[in-house]
Amino acid sequence: MERRDLLKGLAGIPFLGAYGYLFARKFTAENAKEATAFQKFIQSRIMPSQNTKAPSDATGKKLRLGIVGCGGRGRYLMKSLGFMTPGDIDRMSDRQRKIFLDQPDLNIEINGVCDLYKPRLEDAARAAANKDRKGTEGYNSSPVKQYGKFENLIASDDIDAVVIATSDHWHGPVAVAAANAGKHVYCEKALTHKIEDVFEVRDAVKANRIVFQLGHQNRQAENYKMAANVAQAGLLGNINLIETTTNRNSPNGAWVYDIPEDAGPHNVDWERFLRDTNTPFNKEHFFRWRLFWDYGTGLNGDLLTHEYDAINQMLKMGIPEIVTTTGGIYHWKDGREVPDVQQTVLEYPEKNFSLLYSASLASNMYRPKKLMGDEASLEIGGTLKLYVDSGSHLYEDYIKSEDIVPNEPIGLTKDYQAQVDAISSATEKYFASRGLLYTSQGGRIIDTAHLHLADWLNGVRTGAPVSCGIDEAFEEGITAMMATKAYREKRVVRWDGEKVW
Amino acid sequence: MEEIFLDMELKNYKQILPLFVLRTAIGWLFLHEGLYKLLTPGWTAQYYLAQSEGPLQSLFQWVISSETLIAVSNYGVVIVLLITGFLLMTGFLERFAAMTGMVLLVFFYLSYPPFGEISDVMAEGNYLIVDKNFILFLVLWVIYKFRPGRYLGLNRLICNNN
């Protein structure tokens, strides 16, 4: 081989070497980059978020649960507890199935289920018996005990704790009965359907010292915990206005649920569904109860509660002094009684801020939550964004030193979703917010409802405080009822610290 | 006949040089994309695939429905980028490298095809049919045909065809 051949053959090597050198230099420089003074300031003010590992107790005694209400939400909670019908497991995509099968075992068993619609009850009984998370192939368990009356389920000796996912108008009575029987309670939001019930549930829970958790799984979402840190560290200055929203635009999102064709008086226990009304059998009322005041409270109980509790998680502000609600049925003119567009304003004169809740069930325009303070504002969506006010004193130095630009978003959380690229394409993509179904822990996707149930079970086992206990539930219950009252009575509703008037 | 003609042309060093530089540059581009992805913690093709609305949408949706397939596509993209980049820079097995690079580019192109859809407004440039992936594909085709590595590159030592 000639020397000339060798040189020409190796012609690419110097370039490879140059690339390697430059890349290494760039990489080292990026890794060694000092945090700016502003970043250091933020880090010094925020306590590191504690890693909330799902508490699990695989060795102790199994806790024995009963489920009251096995409709859409009841079924979802059973899944979050680790129980699904074999058919549902078969129907999941591989990815969903993996998330479900990877979900930690909570060391529980479901010994009884209760529902007023027979086919749903039978399905739930099969799901509850599916301890090994099997598909149709390999499933051979006998269904667990089925109850038509929640009183019997609660009275049963083989049940220690009850999960309540009935229609809203039964939350109160079931929770009170369970507490009085000494059974621990996980209750779906909204806490109740009547103001009196809110007080009764609180008193029963406190008197019987049971562990109560209200179903606001937002308490487990990492970005909400981080938002709480930011607000509580004073990084926003004095918060004076908060904006929260609901935007959905689909029949399902507007609670127009399917009504099973086979449903009728022969398999629906209508008498027990009614609480203190005398309405003749009505399938729509039974399956779409959220549309009617006798059973639900519309946006207030269903969605305002989530928004309210998320802000209460961050600011711990409690019950508002003054509430107004306006709105109407502007789109879904399907015979419903509850509004589909609504504005509720919660006033906190003593704390010097207003909380605005604005909702539409006929537009899915994306509007993240906003905490607005005199120093900076925080936008809470899939990621957290801080907007420093141009007149800020707290951040004055960093604005001067050009560490930050006022009113430009500063990302406070890492968003791996944003790392979208491919060769020669720097396409920016808009990522729709995916709601609060999942949170990420150490890169793993976890169902927040699972974490919230685990948090409750841990409280039952160890006596540790739960994240949305009876005090927070009481605040949510009163606030939601005030919003409903304000709308239905078309007036300003007040809370004097003891009662609503 | 064509091959002979090209061979004769390429014996002229001045004409090989631009092809050599072109091959090195595109190798650099691939290698860097691969290395950057490899060293970015948490990098995944998942969201890129999920957002795709091109003709391969159903394939990509199928891929992201399984953890295993996501892992395979993540490693796959990185490995193909690294190998293609390395081979192009050194001028070794350049026909193989050009092919793998072209296959990858077809996927990139069809993920977000510049067919004039409104959804392209978020892209970093404005393209119609011909975009950067398309041009890169053509460049690799030229490399594949002219094989400059036989003159400048490791292929010269290995093929020893001169």
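Two strands count as paired when DSSP finds at least two bridges between them. In this predicted model, strand β1 (residues 63-68) of chain A and strand β4 (residues 161-164) of chain A pair in the parallel sense, with 4 bridges. Because 5 of its 6 residues are buried, β1(A) is largely enclosed by the rest of the structure.

Zooming out, these strands belong to an open sheet of 6 strands in chain A, with the order β3-β2-β1-β4-β5-β6 and parallel pairing. At the edges come β3 (145-147) and β6 (212-214) of chain A, each of which pairs on one side only. From one strand to the next, the twist averages 20°. Helix α7 (residues 118-129) of chain A packs on this sheet, where it touches β2 and β3 of chain A, and its direction makes about 170° with that of β2(A). Helix α16 (residues 448-462) of chain A packs on the sheet too, touching β1, β2, β4, β5 (184-187) and β6 of chain A. The direction of α16(A) makes about 165° with that of β5(A).

Chain A has another open sheet, this one with 9 strands and mixed pairing. Its order reads β14-β13-β12-β11-β7-β10-β9-β8-β17 (chain A). The edge strands are β14 (410-411) and β17 (493-494) of chain A, and each pairs on one side only. Helix α14 (residues 299-315) of chain A packs on the sheet, in touch with β7 (239-247), β9, β10 (353-360), β11 (369-373) and β12 (376-380) of chain A. The direction of α14(A) makes about 145° with that of β7(A). Within the sheet, strand β8 (residues 322-328) of chain A and strand β9 (residues 341-348) of chain A pair in the antiparallel sense over 7 bridges. One of the residues to look for is A:Thr324, whose bridge partner in β9(A) is A:Val345.

Helix α17 (residues 470-488) of chain A lies across β8, β9 and β17 of chain A, at about 55° to β8(A). A:Phe474 is part of this helix. With a relative accessible area of 8%, A:Phe474 is buried, because anything under 20% counts as buried. Which residues is A:Phe474 in contact with, leaving aside its neighbours within four places in sequence? They are A:Leu191, A:Val198, A:Phe199, A:Arg202, A:Ile319 and A:Trp495. A:Leu191 is 283 residues away from A:Phe474 in sequence, yet the C-alpha atoms of the two are 7.5 Å apart in space.

How confident is the predictor about chain A? The average pLDDT is 89, and 91% of the residues score at least 70. Residues 415-436 of chain A are a stretch to read with care, as pLDDT stays under 50 there. The model has 57 contacts beyond four places in sequence for that stretch.

Chain B has 8 helices and 0 strands. Of its 162 residues, 45% count as buried. Among contacts in chain B between residues at least 6 apart in sequence, 73% join residues at least 24 apart. The accessible surface of chain B comes to about 8,400 Å², and 70% of that belongs to carbon and sulfur atoms.

Technical notes: Residues are numbered from 1 along each chain as its sequence is written. Chains are lettered from A and ligands numbered from 1 in the order in which they are written. This is a predicted model: local features need pLDDT of at least 70, side-chain atom pairs count only at pLDDT 80 or more; totals for chains, interfaces and linings use all residues. Side-chain values use heavy atoms; hydrogens and water are left out. Helices (H or I, at least four residues) and strands (E, at least two) are DSSP runs, numbered from the N terminus. Contact means heavy atoms within 4.5 Å. Axes are lines fitted to C-alpha atoms, for helices over the stretch in contact, and angles run from 0 to 180 degrees between N-to-C directions. Buried means under 20% relative accessible area, exposed over 50%, partly exposed in between (1.4 Å probe, protein chains only). pLDDT is the predictor's confidence in each residue, from 0 to 100. Accessible areas come from the Shrake-Rupley method with a 1.4 Å probe; for residues, only the protein chains shown count as cover.
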